[in-house]
Amino acid sequence: MIERADKRTLDGFVRKAVSDRVDLVATDESYGYMDLAPDYPHKFVRHSAGEYVRGEVHTANIDNFWSLLKRGVIGTYHHVSKKYLPLYLAEFQFRFNNRKNADIFGSAVRGC
């Protein structure tokens, strides 16, 4: 969870959260990601130009996650406070990462 989506914050977040051994960091053309290269193998798509995928470069996975989170908050919880936002994010992260798990409920109960 970050407070701002400015260049300094986004760049710092990526550098803190993403290993420098990744094969690719794929983003949109947001100015906040433009200084990642040469430290990261960074490629981006230009949504503003109607480009959403170029070979292996796309943001479909993260866009899917944000869509599910937004629908869950609006459709189920209706309001999320800043204090508890990390817990909601953890819940939806678990749901997304286990979306193909046939026994997601059992995994949740077991704490896996």
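**Charges and rings in a predicted model**

The charged end of Arg95 sits over the ring of Phe92, 4.8 Å from the ring centre. A charge counts as sitting over a ring if NZ of Lys or CZ of Arg is within 6 Å of the ring centre and within 35 degrees of the ring normal. The structure is a predicted model, in which local features need pLDDT of at least 70 and side-chain atom pairs count only at pLDDT 80 or more, while totals for chains, interfaces and linings use all residues. Residues are numbered from 1 along each chain as its sequence is written, and side-chain values use heavy atoms, with hydrogens and water left out.

The protein has 4 helices and 4 strands. Helices (H or I, at least four residues) and strands (E, at least two) are DSSP runs, numbered from the N terminus. The elements follow the order α-β-β-β-β-α-α-α from the N terminus on. Along the principal axes, the C-alpha atoms fill a box of roughly 45 × 30 × 30 Å. The accessible surface comes to about 8,400 Å², and 55% of that surface belongs to carbon and sulfur atoms. Accessible areas come from the Shrake-Rupley method with a 1.4 Å probe; for residues, only the protein chains shown count as cover. Of the 112 residues, 21% count as buried. Buried means under 20% relative accessible area, exposed means over 50%, and partly exposed lies in between (1.4 Å probe, protein chains only). Contact means heavy atoms within 4.5 Å. Among contacts with a separation of 6 or more, 25% come from residues 24 or more positions apart.

Arg95 also takes part in a salt bridge. A salt bridge is a side-chain nitrogen of Lys or Arg within 4 Å of a carboxyl oxygen of Asp or Glu. By this rule the count comes to 7 salt bridges. Arg95 pairs with Glu91, the closest N and O atoms being 2.6 Å apart. Both residues lie in helix H3, 4 residues apart, which is about one turn of the helix. Arg95 is partly exposed at 40% relative accessibility. Glu91 is partly exposed too, at 25%.

Other salt bridges join separate parts of the chain. Lys82 forms one with Glu3, with 3.1 Å between the closest N and O atoms. Lys82 lies in the loop between helix H2 (60-77) and helix H3 (85-97), and Glu3 in the segment before helix H1 (7-17), so the pair ties together parts that are 79 residues apart in sequence. Lys82 counts as exposed, at 55% relative accessibility. Glu3 counts as exposed at 56%.

Lys7 and Asp35 meet in a salt bridge of 2.6 Å, N to O. Lys7 is in helix H1 and Asp35 is in the loop between strand E1 (25-28) and strand E2 (42-45), so this pair ties together parts 28 residues apart in sequence. Lys7 is partly exposed, with a relative accessible area of 23%. Asp35 is partly exposed at 40%. The charged end of Lys7 also sits over the ring of Tyr31, 4.4 Å from its centre.

A network of salt bridges links Asp11, Arg15 and Asp39. Asp11 lies in helix H1. Asp11 counts as buried, at 16% relative accessibility. Apart from neighbours within four places in sequence, Asp11 is in contact with Gly32, Asp35 and Leu36.

A search of the whole structure finds 4 aromatic pairs. Rings of Phe, Tyr and Trp (its six-membered ring) pair if their centres lie within 6.5 Å; planes under 30 degrees apart count as stacked, over 60 as edge-to-face and the rest as tilted. Tyr77 and Tyr88 form an edge-to-face pair, 4.9 Å centre to centre with 65 degrees between the planes. This pair links distant parts of the chain: Tyr77 is in helix H2 and Tyr88 in helix H3, 11 residues apart. Tyr77 is partly exposed, with a relative accessible area of 27%. Tyr77 and Phe92 form an edge-to-face pair as well, at 6.3 Å centre to centre and 85 degrees between the planes. Tyr77 in helix H2 and Phe92 in helix H3 are 15 residues apart, and their pair links distant parts of the chain. Phe92 counts as buried, at 5% relative accessibility.

Phe65, Trp66 and Phe96 form one aromatic cluster. Trp66 lies in helix H2 and counts as partly exposed, at 45% relative accessibility. Trp66 and Phe92 are 26 residues apart in sequence and 9.3 Å apart in space, C-alpha to C-alpha.
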